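Reader: I am new to this structure. Please show it to me, and then we can go through some questions.

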Amino acid sequence: MPVMVNSTERHEHLAKILWVGAFRELFEEFIKRYEETSPDHNCDFRFQKSFKHTAWPFEILVVHISPETYLPEALTFLKDQTGSARPLIFVQDRDPSELLKVVNSRAAKSVQFDLSDLCSSLGEALESNHVLREKELLRRRVTAQNRQLEDLTRNLEEIVESRSAAFFEKSQKAKDSLKEVQRLLKFIKEVALAESFDDSLSVLKTVSRVFHGVMPPILFLRNRAGFFRVFYFRGQQILEKEVSVSDFQALLSETTGLPTEKLRYCLSQLFSRPVGPIRYFVQGEEDGGKDVSHQSFLVFENSLPEEARSQFDNFINKRKNLFFTAIEAIALRDSSRTLARQWSTTFGAIPDPVAIVSRDLKIQLSNKVPKGDQCYKVLFNRKDPCPSCPIGNYSRYKEAQPLMESEQTFTVNQGQKIWQVNSFPIPSTDQESSYFINQYSDVTLQTALQERVVQSEKVAAIGMLAGNLAHELNNPLTGIGSLAELLLEDVQEGSSIHSDLIEVRNGANRCQGIIKNLLEFSTLDVSEVQTVEINDTVKKTLLFLKTALRPHRVEILLSDSPLYFRAQPQLVQQVIFNLVNNGCQAMEEDGKISIQTEKVGSMIQIRVTDSGPGVPAAIRESIFQPFFTTKPVGAGTGLGLSMSRQIIEALGGRLTLPSSDSSGSQFLVELPCLESP
Amino acid sequence: MTVLIVDDEPLVRRALEKAFTRRQHEVVTAHDGDVGLVAWQGGQYDIVVLDVLMPGLTGPEILDAMAEKAEGSLNVLVSAYTGDYEQAPFHHQSVDSFFSKPFEDILALVDQCEKLWKEKFS
């Protein structure tokens, strides 16, 4: 009831005034007087003669005590008044002391003996009544408003409470899903960090343990070759089995029933043990994909109560694809590691150095040498690129040159060695980032062998030439010698013609000898081992060395007696030829070369000494190695000494370079001497 | 005796002819294998001296061509070539002797031929 206290209302309200008394006329006079004096205050006057209780809700009570009033009744009536306003008592013509008791005890508002005073008192009473009434109204309003407030407050509280509850519930849900997401993230992280199948399976086992009654997972990993790799736990260990997809499908078809039951049967066959209730999860869509032979899948044996099953399913379904992805990543990583290892091993096993170089010739990768520096520096010890390098040359030109488009081969001479480099460009659209693969082959031996073959062929050709020459010469020689012989019979002995003819015949014979020697020396067919005499061999050999020996002083010191040994004559001739020829080549003009033969103990010793610079100590043994030469590349194959040594050693002898005090070189050939021819 | 000399080298023919003539033999010469064969087929000879390598037919080829008729004479091969690979011709069934050029002593060669002829036909 929205009631406001304002001044207009005051006047609208009719205060209820009850006059209890004997005389009505007095009552009406009172009213008249009152209305005159207080026009503002409107009142509702009522008259009651008796002092009986009334139901009328008066606000102010005026009690008229007249001489006719029966006092006890009035007093009783007053006593019964419980209204808040104290009654006004108008005493007319009676002794007030009778009432004082009552007045005091009843605490009447006022006692008046005059109507005018009564009016004023009434006015006051009305005022105070009004105030009281207003207070009461206010109070009621306040109370009502209080109640409203209380209601509102309660509503608000309820709202707050219900909203709090809702909020709390939401927050709780958010917390729960955050926790779930955190768990999932943790799972992802752990599974992504797993380095092996074992590790990732262990992670899966740990997270699925939150559910009681769930056994460790069994993983069926489908690989490309039509096999399942089956990983399963035995205690803390993880074991692996293999089963082909076709065998697996065969097992599945051995039994009938729901997929779960069929799978359970399969597992029991695979592991040769009874298998409990299972829940299985196939890689792929969340709920679908129940076909277990085309994808990888997980199986959990479990004793989950029915209520927990869907929760578990949910849990695993959220995680399964992450898990399978991680597993596949591991498998890929393993196979790529294997491939990388295979490549690295293969690359490292290539016997030739191989290097990938950038355009500035820096080594990016190699199987033999460290990367970083330039190839010509690291491999050949050079300060600048090899002259024939197709890559290096491009950086020397200012203008842009078209870069190498196809494989090129070039040769590098590095000291004693010859390298053949095959250079392959690695195609690239950006010229700056061009790379090349270089394969370096040491072709020193090959080149030397090729030269040797060429030399051999030359020698063979010369041999053939010599042979042909010899034969060509034999014919006319026959004529010369035989005719001279015949002429000798015709002329007189002692005449000058006779002696001239003898010279002609001798000359022809000498030619024969030379030709025979030449044929013997250059024959391609090595004859059988024969008994040979050394001095004879030396002399024959020297015939071929006349040109080489001409600029020098030659000293021949042959043994007094013939010395015999077993050998193929041409081979020994070749050795002696080689040694003497070397000696001559080592000397400047007017050197001295000596050839000496003697028997020492049971050996024939042949010494070839020259007055050249001698052989440096560092290479005294190396000179007998095949292909060793101090001549520049291509100018000699250096086979002479190594071959000579081989020939002599095959005959049971030795070829050495004994060190001596004097300068120059002395080569010593020793051969087993025959006691008798 | 009648001697047929087949050799492509004039000096060799001259020397052999002179040597045989000195020993009172009748000499006919031919300068290559084909001419030699014709000569041999057209005549009767006691001694036939054949060079191995010649233009036309070789010595052994001439012997093959003559077949049994070669048995009627002493057949001697001469050659400027020595060495193993030349040995094959010498084992020809009709070859009676072999001399390598240059001849050490040409007159001794003639003596040797006479001797061998006597051994073959007496």
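Reader: How far is the sulfur of A:Cys386 from the closest cysteine sulfur?

Author: A disulfide is a pair of cysteine sulfur atoms within 2.5 Å. For A:Cys386 the closest cysteine sulfur sits in A:Cys389, too far for a bond. The distance is 6.3 Å.

Reader: What kind of model is this, and how are residues and chains labelled?

Author: This is a predicted model, where local features need pLDDT of at least 70, side-chain atom pairs count only at pLDDT 80 or more, and totals for chains, interfaces and linings use all residues. Side-chain values use heavy atoms, without hydrogens and water, residues are numbered from 1 along each chain as its sequence is written, and chains are lettered from A and ligands numbered from 1 in the order in which they are written.

Reader: Which cysteine has the sulfur closest to that of A:Cys389?

Author: The gap is 6.1 Å, so these two sulfurs are too far apart for a bond. The partner in question is A:Cys375.

Reader: How many disulfides does a search of the whole structure find?

Author: The search covers all chains. Its count is zero.

Reader: Is A:Cys386 buried or exposed?

Author: Buried means under 20% relative accessible area, exposed over 50%, and partly exposed in between, with a 1.4 Å probe and protein chains only. A:Cys389 has 5% and counts as buried. A:Cys386 has 6%, so A:Cys386 is buried.

Reader: Which element gives the largest share of the lining of the second largest cavity?

Author: The lining residues include A:Cys375, A:Tyr376, A:Cys386 and A:Cys389. Helices (H or I, at least four residues) and strands (E, at least two) are DSSP runs, numbered from the N terminus. The largest share is three residues, from helix 10 of chain A.

Reader: What pattern does chain B follow along the sequence?

Author: Chain B has five helices and five strands. Of its 122 residues, 52% count as buried. Read along the sequence, the pattern is β-α-β-α-β-α-β-α-β-α.

Definitions and conventions. 1 Å grid on protein atoms, 1.4 Å probe; cavity = no way out; pocket = protein on both sides within 12 Å on 5 of 7 lines; lining within 4 Å.
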